[in-house]
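Try each task with the structure open before you read its solution.

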Amino acid sequence: MQLTWVVGLLALCAVTLGCPAIVLRSQWGGRPPRSRAQLKTPAPYLIIHHTAGNRCTTPASCRRQVMAVQTLHMVTWGWSDIGYNFLIGEDGRVYGGRGWTTIGAHAKNWNDKSLGISFLGTFTETAPNAAALNAARRLIQCAASRGFLSYNYTLKGHRDVSPTDCPGDALYKVITQWPRFKDAAAACVALSALACGCPTIVTRAQWQARSPTGRTSLSTPVPYVIIHHTAGSSCTSQASCSQVVRGIQNYHMDSQGWSDISYNFLIGEDGRVYEGRGWTTRGAHATNWNSKSLGISFLGTFTNRVPNAAALNAATSLIQCAVSRGALSNSYTLKGHCNVGQTSCPGDALYKVITQWPNFKA
Ligand SMILES: [Zn+2]
Ligand SMILES: [Zn+2]
């Protein structure tokens, strides 16, 4: 099966996991804060703003804008520091404000549970340029992978939590299409079924799958999603994960005599989703449950440790994506394999994690 829908807007999701360089306070000419309060991390929310001032496209002009914002916040408004945790310029740079671990002053009642990221400029009529949007997306990925932002964070616009137009109509429209936007399913329906925060999926062709010897179609949307681990090797690159997935397929087809790899999808600690039987073919992962569920399996053994943030993020966004594409009921129930069969799968450590996920029911 070809997943040709993984194109276009979804290419935005194919962000590398590196962290962008951050222009430090000393580099943009900022003054020190008068005081600071520690932010408890990982923060569960991320709030997007615009500064509603001038746009800037060069390092020199962006530095001036950041300094102007700090002066406004500290001198005119009397705050202890610039309000935001980070600022983004259309020069494609990230400017450090209060940073990862200091409570911001950007959204009343939400500061102690969020990171505030503000785009330099006014984005009512037009959205920020690609350089700025990419910088913000990389910063968000970085925040989650470094543990400053919860892997199942919720993204909101300032207007979602306060009576304000911030971050401007044009920018707001953009962020409603980003992964983990507060009401992603609704936004998907309103915008495009393809723009639903779906992660990049490594297709069967890409991991060099064998053809299945048979297939039974799955009637969708299914009411259940069942989480597994493969109880085998873990992997952290597309090459090594592809090799592990091929090994599992061989085992399922040659030793178990099944028609194909048993799972619908597999998740690597490279942060990628690997297509197994896919969205519309019945799996062979949980006896009596295959005709009414999607089976998602983490590559590795998660008895004593949890999958890394990249893998957990990939799985939660795949589940969200499944709902938005209509493959999984929006009132779905999430279970571990051990809830429906005599097994310790998906491993004690991973099981503990998924009991905290939305819609879990033992
Ligand atoms: Zn704002
Ligand atoms: Zn299992």
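**Exercise 1: Reading a sheet**

This open sheet has 6 strands, arranged β7-β10-β9-β11-β8-β12 with mixed pairing. Keep in mind as you go that the model is a predicted one.

*Task.* Find which strands are the edge strands of this sheet, then work out which strand β7 is joined to and in which sense they run.

*Solution.* 
- Step 1. Look for strands that pair on one side only: these are β7 (201–202) and β12 (328–336).
- Step 2. Start from β7: 2 bridges join it to β10 (residues 273–275), and these two strands run parallel.
- Step 3. Zoom in on residues: I201 has V273 of β10 opposite it.

**Exercise 2: A covered strand**

*Task.* Decide how many residues of strand β2 (residues 43–50) are buried, and name a residue that stands opposite L46 in β6.

*Solution.* 
- Step 1. Count a residue as buried when 20 or more other C-beta atoms lie within 10 Å of its own. By that test, 7 of the 8 residues in β2 are buried, so the strand is mostly covered.
- Step 2. Check one partner: β2 pairs with β6 (residues 149–157) in the parallel sense over 5 bridges. Here L155 is the residue opposite L46.
- Step 3. Check another partner: β2 also pairs with β5 (residues 114–119), again in the parallel sense, over 6 bridges. In this pairing, H49 has S118 as its bridge partner.

**Exercise 3: The nonpolar core**

*Task.* In the largest nonpolar core, find which residues touch the most other members and which helix gives the most residues.

*Solution.* 
- Step 1. The core holds 93 residues, and I88, V225 and I267 touch the most other members.
- Step 2. Helix α8 (residues 309–325) gives the most to this core, contributing 11 residues.
- Step 3. Finish with V225: beyond its neighbours within four places in sequence, V225 is in contact with S293, L294, I296, I319, A322, L328, Y332 and L334.

Methods:
Residues numbered from 1 in each chain as written. Chains lettered and ligands numbered in written order. Predicted model: local features only at pLDDT ≥ 70, side-chain atom pairs only at ≥ 80, totals over all residues. Core = buried A, V, L, I, M, F, W, Y, C linked by C-beta atoms within 7 Å. Buried ≥ 20, exposed ≤ 12 C-beta atoms within 10 Å, placed from the backbone. Helix = DSSP H or I, 4+ residues; strand = E, 2+ residues; numbered from the N terminus. Contact = placed C-beta atoms within 7 Å. Pairing = 2+ DSSP bridges.
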